Amino acid sequence: TDGGPWTIFGANSSYLTFRSLGGTTKLGNDNALATSATLVSGGGVLDLAGFSQIMGGLSDYTSGLTLITNSSATNDSIFTVVEANFATINNTRLADAGATGGHKLSFTLDGGGSLAFGTTNTHTGITTIKSGSSLILNVKGSITASTIDITGNSSLDASYRTDGTLT
């Protein structure tokens with residue numbers, strides 16, 4: 001983007017990727033981005049703004065950090081990734097908006113694949129791992145403030161953490 005906030009109002013969109021490389025993109029309704037698209041992170045902010053979004057996957061593009069957050073003062077948001085394969089994410093962080101009075105951001109991993117986090121995620125909504133999916137916390141990956149709900153033959157793997165803790 002041009003550095004300013006862009007609000008996306010969409011429905012039934014179809015494209016393969018959505019690149020977040022800078023600026024702020026805000027949702028204007030639930031699933032404003034294509035639910036089949038992969039979010040390619042490399043900077044900027046994806047603000048769910050009280051809405052929920054399903055993405056078909058996550059992927060790193062460049063070294064810039066993409067922040068996924070919820071700035072709504074009235075509604076919680078859920079960010080769902082339907083990952084059928086394996087992805088390692090080192091440039092995406094999940095966090096409540098905090099100082100701006102935002103509500104909770106929850107995260108759901110679905111689809112039966114594996115997702116490896118390499119960043120500190122500070123969202124306070126529920127983290128749900130379901131449908132046989134596996135969430136892996138890499139050496140620097142953590143979930144510091146979220147309740148974790150594991151269902152349907154799914155798993156949470158913290159064995160790569162060198163400090164021996166699950167945070």
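Predicted model: local features only at pLDDT ≥ 70, side-chain atom pairs only at ≥ 80, totals over all residues.
Modeller: Two strands count as paired if DSSP finds at least two bridges between them.

Colleague: In what order do the four strands of the open sheet stand?

Modeller: The order is β10-β13-β16-β19, and the pairing in this four-stranded open sheet is parallel. At the edges stand β10 and β19, the latter covering residues 155–157, and each of these two strands pairs on one side only. Neighbouring strands of this sheet are turned against each other by 15 degrees on average, with direction ignored.

Colleague: How many bridges join strand β10 to β13, and what is the bridge partner of isoleucine 89 in β13?

Modeller: Strand β10, made of residues 86–89, is joined to β13 by four bridges, and the two run parallel. The partner of isoleucine 89 in β13 is phenylalanine 117. Four bridges also join β13 to strand β16, residues 134–137, again in parallel. In β16, serine 134 is the bridge partner of serine 114, while isoleucine 136 is the bridge partner of alanine 116.

Colleague: Which way do the residues of strand β13 point, and are they buried or exposed?

Modeller: The general idea is that in a regular strand the side chains alternate between the two faces of the sheet. In strand β13, which spans residues 114–117, Ser114 and Ala116 point one way and Leu115 and Phe117 point the other way, and all of them are buried.

Colleague: There is also an open sheet of five strands; what is its order?

Modeller: That sheet runs in the order β6-β9-β12-β15-β18, with parallel pairing. Since β6 (53–55) and β18 (148–150) stand at the edges with a single partner strand each, one side of each is left without a neighbour in the sheet.

Colleague: Over how many bridges do strand β9 and strand β12 pair?

Modeller: Strand β9, residues 77–82, and strand β12, residues 105–110, pair in the parallel sense over six bridges.

Colleague: How many aromatic pairs does a search of the whole structure find?

Modeller: A pair of aromatic rings is described by the distance of the centres and the angle of the planes. Searching the whole structure gives two aromatic pairs. In one, the rings of phenylalanine 79 and phenylalanine 107 have centres 6.4 Å apart and planes at 25 degrees, so the pair is stacked, given that planes under 30 degrees apart count as stacked. This pair links distant parts of the chain, with phenylalanine 79 in strand β9 and phenylalanine 107 in strand β12, 28 residues apart. The other pair joins phenylalanine 107 and phenylalanine 117, whose ring centres are 5.5 Å apart and whose planes lie at 55 degrees, so this pair is tilted. It also links distant parts of the chain, here strand β12 and strand β13, with the two residues 10 residues apart. Taken together, Phe79, Phe107 and Phe117 form one aromatic cluster.

Colleague: Which relative accessible areas belong to phenylalanine 79 and phenylalanine 107?

Modeller: Phenylalanine 79 is buried at 0%, and phenylalanine 107 is buried at 1%. Phenylalanine 117 counts as buried too, with 1% relative accessibility.

Colleague: Which residues of the largest nonpolar core touch the most other members?

Modeller: The core has 26 residues, and those that touch the most other members are Leu39, Leu46, Ile68, Phe79, Phe107, Leu115 and Phe117. Two or more residues of this core come from each of β9, β10, β12, β13 and β16, and β12 gives the most, with three. Leucine 46, leaving aside residues up to four places away in sequence, touches Thr25, Leu27, Leu33, Leu39, Leu67, Ile68, Thr69 and Phe79.

Colleague: Where is alanine 95 found, and is alanine 95 buried or exposed?

Modeller: Alanine 95 is found in the loop between β11 (92–94) and β12. At 8% relative accessibility, alanine 95 counts as buried, since buried means under 20% relative accessible area. Beyond residues up to four places away in sequence, alanine 95 touches Leu67, Ile68, Thr69, Asn70, Leu105, Thr122 and His123. Its C-alpha atom is separated by 21 Å from that of threonine 35, which is 60 residues apart from alanine 95 along the chain.

Conventions. Residues numbered from 1 in each chain as written. Heavy atoms only, no water. Buried < 20%, exposed > 50% of the residue type's maximum accessible area, 1.4 Å probe, protein only. Phe/Tyr/Trp six-rings, centres within 6.5 Å; stacked < 30°, edge-to-face > 60°. Core = buried A, V, L, I, M, F, W, Y, C linked by side-chain atoms within 4.5 Å. Contact = heavy atoms within 4.5 Å. Axes fitted to C-alpha atoms, helices over the stretch in contact; angles between N-to-C directions.
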